[in-house]
Amino acid sequence: MRTQTRQQGGGRRRAVSAATSVAIGVMTLGALAPPAASAARPDAVQQSLNALVRDDGMPAALASVQDPDGRTRTYTAGVGDLATGSKVPRDGQVRIGSNTKAFTAVVVLQLVGEGKIGLDTMVDDYLPGLVRGEGIDGRHITVRQLLQHTSGLPDYGVHVDDDEIRNRYLEPRELLDIALRYKADAAPGETWGYSNTNYVLAGLIVQKVTGRPLAEEMDRRIIKRIGLRHTYFPAPGEMTIREPHPRGYHRNRADGPLRDFTEMDPSWGWAAGQLISTNSDLNRFFTALLAGRLLPAAQLAEMRTTVPAGTSGLRYGLGLTSRPLSCGGVYWGHGGDIAGYETRGGVTDDGRAANVAVTSIPTDDSAAQHVKDAVDRALCG
């Protein structure tokens, strides 16, 4: 959930650059190739994961790749626990950060389809008087602008410290209060600017119109509906990951050590980044979404209507991004990071799907690009 993803579609602020020793990279390399790989021609996805561990210092890398017929291959590299050297669980659970935004957007758009929310209705109609600040007025911000990150609202995420919030439960209203201490980044509709605050407000609107917790609506409307058996919204106070998972690691500064950050209170992410899932479940989610199994055609078309988001070809719709592929066309997804984990991936219109997770947020632009390159190789291979 870091702000480096103002150019990437998934997060808060990137940890600063850090050089990872060759010794660690070599020690943690543990390639686990799929059956289809051969010694003469190593699988391109496996090669990408190996390089993320060996060259970019990721403790572990995981991937799930699905072809148009639904056949899935899973991959791992590295180790699941730096302290014990244990294997990386195949398709292990990870914190998926801002991929949560796609789920929140789907719930909002389902409610739009039901006539309970209007995309071009003002936030104040649902949360009267709540959104006020310097250059900020909920009477002039639409629901569409929240989902599209064109509201101009400041991002609370850049003003919280990982260590300070690691063991603290934060209510959604507290997150909003942090954001409203700061002036608007821009006028509503003026420009695209990634802000987790938008999705906290979207979650609050869901709760207001349904009278139910966001987690329950997400579980009922998405998770159970399409059979995401390894995806869940952690309960208040739940700091662990329920199923087999690789440990997640975090560093605060360039010369800082990797610290085990697996256990944490993810409430600061809430509607913007709290979910836990697997690569295969994310593939299932985005495949179902693009196939029209979660939204009526009109709302899916709105979700896929994008605006430019940076200079890398990324475009942002309503909780959904598109990114160009080296082999032509685009893929649709989101991406996310939260202390300890980064996930990138998505699906193509012809049914290919791939998601890659690493167990530390990349600490420089080249490493971050290598994660995206791994997705590209999986979808173009």
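# A tour around strand 11

Begin with the largest cavity, which has a volume of about 70 Å³; here a cavity is a set of points, on a 1 Å grid over the protein atoms alone, where a 1.4 Å probe fits but cannot get out, and its lining residues have an atom within 4 Å of a point. Grid points are joined across faces, edges and corners, and a volume is the space filled by probe spheres set on the points. Select Thr321, Arg323, Tyr331, His334 and Gly345, which are the closest to the centre of this cavity among the 11 residues that line it. The elements that give two or more residues to this lining are strand 11, strand 12 and strand 14 (341–347), and strand 11 gives the most, with three residues. By class, the lining of the largest cavity holds one nonpolar, seven polar and three charged residues, where Ala, Val, Leu, Ile, Met, Phe, Trp, Tyr, Cys and Pro count as nonpolar, Asp, Glu, Lys and Arg as charged, and the others, Gly among them, as polar.

What you are viewing is a predicted model, in which local features need pLDDT of at least 70 and side-chain atom pairs count only at pLDDT 80 or more, while totals for chains, interfaces and linings use all residues. Residues are numbered from 1 along each chain as its sequence is written, and side-chain values use heavy atoms, with hydrogens and water left out.

Next, select strand 11 (321–324); strands (E, at least two residues) and helices (H or I, at least four) are DSSP runs, numbered from the N terminus. Four bridges join strand 11 to strand 12 (residues 330–333), and the two run antiparallel; strands are said to pair if DSSP finds at least two bridges between them. Within this pairing, Thr321 stands opposite Gly333 of strand 12. The two strands form a hairpin with five residues between them, and in its turn Gly328 has a positive phi of about 105°.

Arg315 has Ser322 of strand 11 as its bridge partner. In the hairpin of strand 10 and strand 11, four residues lie between the strands, and Gly319 takes a positive phi near 75°.

From here, move to Thr305, in the loop between helix 12 (297–303) and strand 9 (307–308). Is Thr305 buried, partly exposed or exposed? Thr305 counts as partly exposed because its relative accessibility is 46%, given that buried means under 20% relative accessible area, exposed over 50%, and partly exposed in between (1.4 Å probe, protein chains only). Leaving aside neighbours within four places in sequence, Thr305 is in contact (heavy atoms within 4.5 Å) with Gln148, Tyr316 and Gly317. The C-alpha atoms of Thr305 and Thr321 are separated by 9.5 Å, with the two residues 16 apart along the chain.

The last stop is the second largest pocket, with a volume of about 160 Å³; a pocket is an open set of points with protein on both sides within 12 Å along at least five of seven lines. Its lining includes Arg323, Pro324, Tyr331 and Asp376. Strand 11 and helix 13 (365–380) each supply at least two residues of that lining, and the largest share, four residues, comes from helix 13. This lining has three nonpolar, three polar and four charged residues.
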